[in-house]
Amino acid sequence: MRDLQTARGAPLIDSPDESTTAAAAPPVPDVVPKARRYVRWLVAVAAAVIAVDLATKLWVVEVLADDGSKRILGGHVLLHQSRNTGAAFGIATGGTIIFTAVAIIVIVVIVRTSRRLHSLAWAAVLGLLLGGASGNLIDRLLRAPAPFRGAVVDWIDLGPGKFALFNVADSAIVTGGALAVLLALRGIELDGRHTRD
């Protein structure tokens, strides 16, 4: 029998079946679709923030005149239109071009960071920051007096001396920033790892 195998060029020891080898190999984890799921969450949160921010600003510009106002929540919150050329909550007014550049940089950094995203919590945080930065950037790019120098529409007033005027985009930025600090303190990384377990 051995002579017969040697004569025909057959191996003395049977080689394992290729299909069996392939079946026995451990499956490669499907990482890319999972990463895309987190990016989709980020985009969904950002889109929601932008949509609400733009809709409320359009309503404010349309309904509330420069000297008009509405009180809600038992008079504790005053709604009126104001134009802000500074940062969120009226900080550093007059630095519109600088804050426009900062917003663009923040958006680019978030988009680049999203490639490493494997955490639903961080997806929500980055979505809030991206949506807030984009909402105010749209004002700076499209509103008067000129592109890149447009004034942001602020309209929520919690009362004199309590807080500066702000809008939905500002709220998203502050909320996202606070949550980012909380996640960092808890040791939750962008890739989903917990470094403080």
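Mentor: The chain holds 6 helices and 3 strands. The model is a predicted one. Along the sequence, its elements come in the pattern α-α-α-β-β-α-α-β-α.

Trainee: How many residues are there in the chain, and what share of them is buried?

Mentor: The chain has 197 residues, and 37% of them are buried. A residue is called buried when its relative accessible area is under 20%. The accessible surface of the chain comes to about 12200 Å², and 66% of that belongs to carbon and sulfur atoms.

Trainee: What share of the contacts joins residues at least 24 apart in sequence?

Mentor: Among contacts between residues at least 6 apart in sequence, the share is 62%.

Trainee: What makes E1 and E2 count as paired strands?

Mentor: Two strands pair if there are at least two bridges between them. Strand E1 (residues 69-72) and strand E2 (residues 77-84) have 4 bridges, in the antiparallel sense. Lys70 has Leu79 in E2 as its bridge partner, and Ile72 stands opposite Val77 in E2. The two strands form a hairpin with 4 residues between them. In its turn, Leu73 has a positive phi of about 55°.

Trainee: Why are E1 and E3 called edge strands?

Mentor: The sheet is open, has 3 strands in the order E1-E2-E3, and pairs in the antiparallel sense. E1 and E3 each pair on one side only, and that is what the name edge strand refers to. From one strand to the next, the twist averages 30°. In general, the strands of a sheet pair through backbone hydrogen bonds.

Trainee: What makes the contact between Lys57 and Asp53 a salt bridge?

Mentor: The cut-off is 4 Å between a side-chain nitrogen of Lys or Arg and a carboxyl oxygen of Asp or Glu. For the side chains of Lys57 and Asp53, the N to O distance is 2.8 Å. The value is within the cut-off, so the pair is counted. Both residues belong to helix H3 (residues 31-63) and, being 4 residues apart, they are separated by about one helical turn.

Trainee: Is Lys57 buried or exposed, and how do you know?

Mentor: Lys57 has 0% relative accessibility. Buried means under 20%, so Lys57 is buried. Asp53 also stands at 0% and is buried.

Trainee: Which residue of helix H5 forms a pair with Lys57 in helix H3?

Mentor: That residue is Asp139, and its salt bridge with Lys57 has an N to O distance of 3.0 Å. Asp139 lies in H5 and Lys57 in H3, so the pair ties together parts that are 82 residues apart in sequence. Asp139 has a relative accessible area of 1%, which means that it is buried.

Trainee: How many salt bridges does a search of the whole structure find?

Mentor: The search finds 4. One of them joins the side chains of Arg193 and Asp191, at 2.7 Å from N to O. Arg193 has 48% relative accessibility and Asp191 has 33%. Elsewhere, salt bridges that share partners join Asp53, Lys57, Asp139 and Arg143 into one network.

Trainee: Why is Ala144 called exposed?

Mentor: Exposed means over 50% relative accessible area. Ala144 has 54%, so the label applies. Ala144 sits in the loop between H5 and E3. Leaving aside neighbours within four places in sequence, Ala144 is in contact with Arg149, Gly150 and Ala151. Its C-alpha atom is separated by 9.8 Å from that of Arg83, 61 residues apart along the chain.

Trainee: What is the form of the peptide bond from Ala144 to Pro145?

Mentor: The bond is cis, with omega near 15°. Pro145 is found in the loop between H5 and E3.

Trainee: Which residues make the nonpolar surface patch?

Mentor: Ile104, Val108, Leu141, Leu142 and Phe148 make a patch of about 450 Å². Helix H4 (96-113) and helix H5 (120-142) each supply at least two of the residues. Phe148 is in the loop between H5 and strand E3 (152-157). A patch residue needs over 30% relative accessible area. Phe148 has 45%, so it passes that cut-off. Phe148 also has a phi near 70°, a positive value in a residue other than glycine.

Methods. Residues are numbered from 1 along each chain as its sequence is written. This is a predicted model: local features need pLDDT of at least 70, side-chain atom pairs count only at pLDDT 80 or more; totals for chains, interfaces and linings use all residues. Side-chain values use heavy atoms; hydrogens and water are left out. Patches are made of residues with over 30% relative accessible area and no salt bridge: like charges are joined within 9 Å, nonpolar side chains (Val, Leu, Ile, Met, Phe, Trp, Tyr) within 5 Å. Accessible areas come from the Shrake-Rupley method with a 1.4 Å probe; for residues, only the protein chains shown count as cover. Buried means under 20% relative accessible area, exposed over 50%, partly exposed in between (1.4 Å probe, protein chains only). Contact means heavy atoms within 4.5 Å. Axes are lines fitted to C-alpha atoms, for helices over the stretch in contact, and angles run from 0 to 180 degrees between N-to-C directions.
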